[in-house]
Amino acid sequence: MKVKEKYYRTIWPNADNTIVNIIDQTKLPHVFEIAEIRTLPQMIHAIKTMQVRGAPLIGAAAAYGMALATLHLDDLQEAAKLLIHSRPTALNLRWAVERMLHTLLPQTHANRNAAAWLEAARICDEDVQMNRQIGQHGLNVIQKVVALRKTSTAVVNILTHCNAGWLATVDVGTALAPIYAAHDAGLSVHVWVGETRPRNQGASLTAWELAQYGVPHTVVADNAIGHLMQVGAVDMVIVGADRVTALGDVCNKIGTYLRAIAAKDNHIPFYAAVPSPTIDWSMSDANHIEIEHRASEEVSHIQGLNAAGHLQHVAILPAGSPAFNPAFDVTPAHMVTGLMTEHGVYSPAELKQALLPKISL
Ligand code: MRU
């Protein structure tokens with residue numbers, strides 16, 4: 001993605017593989033700042049505080065965390081454990097760490113560092129490739145939705161949730177990949193961006209990156225979405241996912257389930273864009289997914305730009321009122337029209353049989 005005409009990925013190593021650069025997402029959309037990560041504890045901190053976030057990106061960040069661990073001769077098993085527990089819900093993080101361990105443990109200590117940077121870079125390149133393929137498969141779906149609808153308007157209105165775009169991956173995005181592909185193909189796309197309380201990833205990140213790409217969009221309060229659907233303003237929903245079960249249940253940012261309920265009630269197709277490292281083939285019961293609970297301050301406070309142009313945190317709850325902050329929810333498979341993967345688009349019912357033979361685990 002380009003930011004002010006310069007191409008960036010969300011994560012990249014320096015030339016001699018000693019430092020990992022990230023875009024600090026806690027400061028967007030107001031401040032575009034690159035942070036340098038030099039040690040495993042710094043990477044764990046960046047993942048926990050959501051300087052890097054989004055399932056595929058925290059996978060890539062964890063892979064580079066392992067590379068930093070080899071650089072400083074940290075215990076790899078211990079590093080893996082710490083990284084896996086830094087955020088529990090997104091499968092990509094565990095997947096990337098286990099892949100790094102699988103690559104590194106058979107190597108001699110002398111070879112581990114070089115092998116680690118190579119493997120982390122491969123994970124990043126594969127992520128970009130998968131997202132491009134999701135974009136193409138998703139574009140076909142958008143074209144079908146346009147062909148089937150009864151209204152004559154040229155604009156296709158797509159609702160998304162949270163940020164499953166370029167910023168949530170290494171590049172391109174998952175849920176936003178079909179939207180970028182449609183925009184590039186000359187379709188007239190408009191995106192409804194739900195603000196996504198409590199951390200406002202929609203308002204702060206999705207709106208920002210859509211603006212960088214020049215995709216028309218409008219931010220709405222989360223509570224406006226049911227109404228938008230009722231008045232016919234939404235043609236389809238595309239969300240990302242942090243973990244999908246083998247049966248096609250979709251665990252994603254808190255509030256996704258409510259959008260799925262509203263979509264079903266209004267006969268609007270509901271899609272999740274899912275690269276295969278997000279699918280937990282070992283899990284059939286979504287009740288077993290660990291839902292991350294984050295700090296109550298994310299609900300009781302909000303960040304914005306003050307009149308002096310500085311980032312500021314302000315309280316929005318009465319002092320002493322408790323707040324509760326579950327970060328993800330599960331949309332049951334029966335509410336999901338389709339899963340857009342790098343190999344094609346599948347209904348939850350056909351996912352395992354159709355996709356599993358095509359991927360190497
Ligand atoms: O808590 P976050 O911001 O890391 O949550 C991100 C999401 O829920 C995304 O929708 C999901 O990771 C898919 S990202 C391509």
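**Notebook: cavities and pockets**

Grid points are joined across faces, edges and corners, and a volume is the space filled by probe spheres set on the points.

This is a predicted model, in which local features need pLDDT of at least 70, side-chain atom pairs count only at pLDDT 80 or more, and totals for chains, interfaces and linings use all residues. Residues are numbered from 1 along each chain as its sequence is written, and side-chain values use heavy atoms, with hydrogens and water left out.

**Entry 1: the largest cavity**

I found about 180 Å³ of space in the largest cavity. Its lining has 20 residues (those with an atom within 4 Å of a point), and Arg53, Gly54, Ala55, Asn163 and Asp242 are the closest to the centre. Helix 2 (55-71) and strand 11 (250-253) are the elements that give two or more residues to this lining. Helices (H or I, at least four residues) and strands (E, at least two) are DSSP runs, numbered from the N terminus.

I then sorted the lining of the largest cavity by class and noted eight nonpolar, eight polar and four charged residues. Ala, Val, Leu, Ile, Met, Phe, Trp, Tyr, Cys and Pro count as nonpolar, Asp, Glu, Lys and Arg as charged, and the others, Gly among them, as polar. The largest cavity lies between domain 1 (2-125) and domain 2 (150-358), because both give residues to its lining. The domain bounds come from an automatic or database domain assignment.

**Entry 2: the second largest cavity**

I noted about 80 Å³ of space here. Among the lining residues of the second largest cavity are Pro56, Trp95, Asp127, Met130 and Pro277. Helix 2, helix 4 (91-104) and helix 5 (109-148) each supply at least two residues of this lining. By class, I recorded eight nonpolar, two polar and one charged.

**Entry 3: the largest pocket**

I turned next to open space; a pocket is an open set with protein on both sides within 12 Å along at least five of seven lines. The largest pocket holds about 580 Å³. Of its 19 lining residues, Trp95, Ser276, Pro277, Ser360 and Leu361 are the closest to the centre. Helix 4 gives the most to this lining, with five residues. I counted eight nonpolar, five polar and six charged residues in the lining of the largest pocket, which draws at least three residues from each of domain 1 and domain 2.

Definitions and conventions. On a 1 Å grid over the protein atoms alone, a cavity is a set of points where a 1.4 Å probe fits but cannot get out, and a pocket is an open set with protein on both sides within 12 Å along at least five of seven lines; lining residues have an atom within 4 Å of a point.
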